[in-house]
Amino acid sequence: MAHKAPSHLTACLALADGTLFYGRGFGAKGETVAELCFNTSMTGYQEIMTDPSYAGQVVTFTFPHIGNTGVNSEDDETADPVARGMVVKWDPTEPSSWRSAGTLSDWLASRGRIAIGGIDTRRLTRAIRQQGAPHVALSHDPDGNFDTAALVAKAREFSGLEGLDLAKDVTCSQSYRWDEMRWAWPDGYARQENLKHKVVAVDFGAKRNILRCLATVGCDVTVLPATATAEEVMAHNPDGVFLSNGPGDPAATGEYAVPMIKGVLETDIPVFGICLGHQMLALALGANTVKMNHGHHGANHPVKDHDTGKVEITSMNHGFAVDGQSLPDGVVESHVSLFDGSNCGIRMADRPVFSVQHHPEASPGPQDSFYLFENFAAEMAKRAS
């Protein structure tokens with residue numbers, strides 16, 4: 001049944017359980033259906049919206065000041081936003097940053113992404129934590145006309161992310177080289193000229209800043225699509241193989257990625273994985289993955305490194321996790337979340353093969369986890385000597 005919202009409310013968020021949230025729409029007009037998650041980061045909304053790991057999701061931002069620094073092309077993690085929409089408490093203000101090249105609303109509109117403001121995000125976040133990540137339909141209509149029954153039905157019909165291979169939707173279509181390093185004042189992004197290690201990065205939804213970190217530690221990076229075989233990876237004669245982050249169910253993507261990883265593991269070269277790459281490395285080694293209640297999404301997640309005893313403040317974005325109890329002999333749990341005890345890292349006991357659940361390139365600590373890239377480079381250098 002069509003419903004006319006109050007004149008100042010132009011967007012509706014419908015949950016599969018029938019709960020409705022009305023707010024003010026911005027960005028693109030239309031409808032989208034997705035899984036709803038929340039992110040606790042205080043900065044980085046543009047990086048979050050362009051993170052391929054958010055494919056199939058609408059993001060609720062718990063921090064109210066979203067959009068106040070505008071947008072710019074340097075902060076995109078991929079060419080266009082991948083998250084299907086955003087939910088915020090306050091409408092975006094005019095940007096005040098010297099780096100801003102446009103407004104968040106215009107940026108979203110030009111890229112077909114819907115957003116809703118004026119929402120009680122604390123109430124919504126509590127619902128996600130208590131009930132699990134819900135399926136939702138988000139609609140933006142400037143006239144405020146909503147068929148709420150149809151929106152709820154669409155939310156209920158959404159298949160969800162479990163069993164869904166989304167890496168194939170966000171991976172590159174062909175291989176390419178990468179030599180751009182991390183941003184540094186005052187020159188911005190410089191090119192790596194001291195290339196030491198040949199690395200094949202398998203793109204399951206790779207963020208640009210991860211590739212920049214690899215380049216920064218001297219890696220000559222060749223990026224291959226998610227569907228690359230072990231033979232195609234090893235044809236590049238790499239010194240190391242990197243398994244990127246990405247969206248969806250690791251078991252689904254693992255149907256084709258796990259055989260590739262097992263083939264690479266038959267060699268003795270270093271392997272490093274992040275996020276989805278971490279989960280699929282675990283699958284290849286014989287462990288299991290599980291769907292989490294509401295996942296980990298934010299830039300304030302404490303993770304303990306068992307090897308050193310240190311606690312890192314990390315950035316996370318995942319709805320699936322490695323079951324730490326399922327790790328086989330010879331595979332060690334290297335990192336663990338101090339929020340809920342879930343697995344955040346593994347390594348082989350006798351080989352330079354390791355991975356982490358968090359995103360070490362995001363550096364919220366500000367650089368707590370960058371050593372992982374340095375360790376990867378050190379392992380490659382050790383084997384070359």
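## Val 59, tucked inside

Val 59 is buried, with a relative accessible area of 0%. Here "buried" means under 20% relative accessible area, while exposed means over 50% and partly exposed is in between (1.4 Å probe, protein chains only). Keep in mind that this is a predicted model: local features need pLDDT of at least 70, side-chain atom pairs count only at pLDDT 80 or more, and totals for chains, interfaces and linings use all residues. Residues are numbered from 1 along each chain as its sequence is written, and side-chain values use heavy atoms, with hydrogens and water left out.

You'll find Val 59 in strand S5, residues 57-61. Helices (H or I, at least four residues) and strands (E, at least two) are DSSP runs, numbered from the N terminus. Leaving aside residues up to four places away in sequence, Val 59 touches Cys 37, Asn 39, Ile 48, Tyr 54, Ala 83, Gly 85, Met 86 and Val 87; a contact means heavy atoms within 4.5 Å. Then there's Arg 84: 25 residues from Val 59 in sequence, but 8.0 Å away in space, C-alpha to C-alpha.

Now look at strand S2, residues 11-15. Five of its five residues are buried, so S2 is largely enclosed by the rest of the structure. Which residues point which way? Ala 11, Leu 13 and Leu 15 point to one side of S2, and Cys 12 and Ala 14 to the other. In a regular strand the side chains alternate between the two faces of the sheet.

S2 runs antiparallel to strand S3 (residues 20-27), with four bridges joining them. Two strands count as paired if DSSP finds at least two bridges between them. Leu 13 has Phe 21 as its bridge partner in S3.

## The whole chain

Zooming out, the protein chain has ten helices and 21 strands. Its C-alpha atoms fill a box of roughly 70 × 45 × 40 Å along the principal axes. Buried residues make up 56% of the 385 residues. Of the contacts with a separation of 6 or more, 75% come from residues 24 or more positions apart.
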